[in-house]
Amino acid sequence: MTPDIEKLTKTASQVRRDILRMVHACQSGHPGGSLGCADYMVALYFHTLKHNTEFNMDGQGEDLFFLSNGHISPLWYSVLARAGYFEVSELATFRKINTRLQGHPTTHENLPGIRVASGSLGQGMSVAIGAALAKKLNDDNRLVFSLHGDGEIQEGQIWESAMYASHNKVDNLISAIDVNGQQIDGPTDAVLSLGSLRAKWEAFGWEVLEMSGNDMADVVRVFDLAISKTFKGKPIMILMQTMMGNGVDFMMHTHKWHGAAPNDEQLANALGQLEETLGDY
Amino acid sequence: MKKYTYTEKKDTRSGFGAGLLEAGKRNEKVVALCADLIGSLKMDAFIKEFPDRFFQIGIAEANMMGIAAGLTIGGKIPFTGTFANFSTGRVYDQIRQSIAYSDKNVKIAASHAGLTLGEDGATHQILEDIGMMKMLPGMVVINPCDYNQTKAATIAIADYHGPVYLRFGRPSVPVFTDPDQKFEIGKAWMVNGGTDVSIFATGHMVWKAIEAGEKLAEAGISAEIINIHTIKPLDTEAVLKSVAKTGCVVTAEEHNRFGGLGDSIAQVLAINNPAPQEYVAVNDSFGESGTPDQLMKKYGLDTEDIIKAVQKVIKRK
């Protein structure tokens, strides 16, 4: 393991602890997808993004990130805090009255790092495309990233935006889908099968890459590969294979932790599996 | 009583098209999006002048609202263009989350509102849009009355920071307002002073209110006519001042009686100064195919309907 990968892996371990403690403290939230996407989000903010923690809404000259599956907010909040957008102590306010850390991300409470509300699914890719178009108009050659759940792509708006991005050569956009095969009511194959994601996105005219989303070295490798494919006339889609609940043995191989909080005993068990590397908030 | 005349009829959507071009010339941040209705929205002139600042979205209104929200993040001032039906009901959640709740500086330009869309029928004749849009926190809702006012409103909202719903229509209607008017968001326009009844009208109904006012004057009734081009934020001061003088109210709108201008006025009066009120509005129904004039008559939105409502409400004082 290179020093960089080791450092990112340690950060991801701390972020996973944050997620579990946040969800436990308010006894609500979505730990499953948050844990599964932790490696993606840590690599994005600590390796890939050219960004400024002195938050500016327009983000000119910066890479931008849009979280479309807003329910994995505890992950985003932890990463934003650990990256320096706000104090890590504020993570304790997650989902509590008068917090800036709303159940789903919002600009409404002026939390630094967030540029649009998400939660109602399917909307983030359209917004990311708009931001990418504005960058082109502004001669700003930085990139736009977006993340989506696999269940989320059952929403029709995703396919409107998929068609638009390729037709209009929005090639400064790197989207990713968290392919964990689970949604609230069960496996995606049981609820509404997604079929071949590669075939679908290729048919829609996107450059499709695959990422092993819980292998930090592969996450970093694929991010670097994706960036090398920007500005070549196609939007880029990363199909990211993850395991919902990754990092906590009893939260994996099930959809039951999509939107459920651990009790005291379960929290202790889970934290025992994750090294405290940067200090708990 | 001021006498209003007109020499030509024009559609309010052409006022939008002219206003969009002017707004684009004044501010390079203004961009436009359309969901496959360029001709209907009269966006051709803007596109010809600023081809790089126009985005053809295709028949995908949800995506259009999201892209508009994203464009604001790079500092742009996007105007979305499609029919009022597809600008509101079809994309309510996109507007709610990505634009209104996210406080994005998007201007939703909505044409072919109401019954006067005509022959296409009820699928396209939205009569609920004002209600939906005014319920969104922070959303400004504007329904100008003629070509000149629509052009002025379009220019004005480009200078205002925040989400705006701009509603206009398809048919040619009298052009009677000043071509050089300054449009003030949220400021009611006193069309004619009067003492016996206050008529608050919006959109195409303002001209009909003027026609009604002239006939009422012949019958000895002095009607105060106020153009409420901005339904939200409502000019409550103008409403209360007028009703304090007249003591009764008629509201006139090309919209369902539930959720529109009439309800906004009724709320202000109920809280501050309860007064008899009659609604000239569609009576909780869908429209149908027909010419605009036939439909306005059949659904009770004609000059005669305003006159009858005035006669009725005056008796209730």
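**Note on chains A and B**

1. Of the 317 residues in chain B, 61% count as buried (20 or more other C-beta atoms, placed from the backbone, within 10 Å of the residue's own). The model is predicted: local features need pLDDT of at least 70 and side-chain atom pairs pLDDT 80 or more, while totals for chains, interfaces and linings use all residues. Residues are numbered from 1 along each chain as its sequence is written, and chains are lettered from A in the order in which they are written.

2. The C-alpha atoms of chain B fill a box of roughly 55 × 40 × 35 Å along the principal axes.

3. Chain B contains 13 helices and 14 strands (DSSP runs, numbered from the N terminus: H or I of at least four residues for helices, E of at least two for strands).

4. Among contacts in chain B with a separation of 6 or more, 81% join residues 24 or more positions apart (a contact means C-beta atoms, placed from the backbone, within 7 Å).

5. The contact between the chains takes 28 residues from chain A and 23 from chain B. On the side of chain B, α4 (61-73) and α6 (92-100) each give two or more residues; α4(B) has the largest share, with nine.

Note on methods
Two residues are in contact if their C-beta atoms, placed from the backbone, lie within 7 Å. A residue is buried if 20 or more other C-beta atoms lie within 10 Å of its own, exposed if 12 or fewer, and partly exposed in between; C-beta atoms are placed from the backbone.
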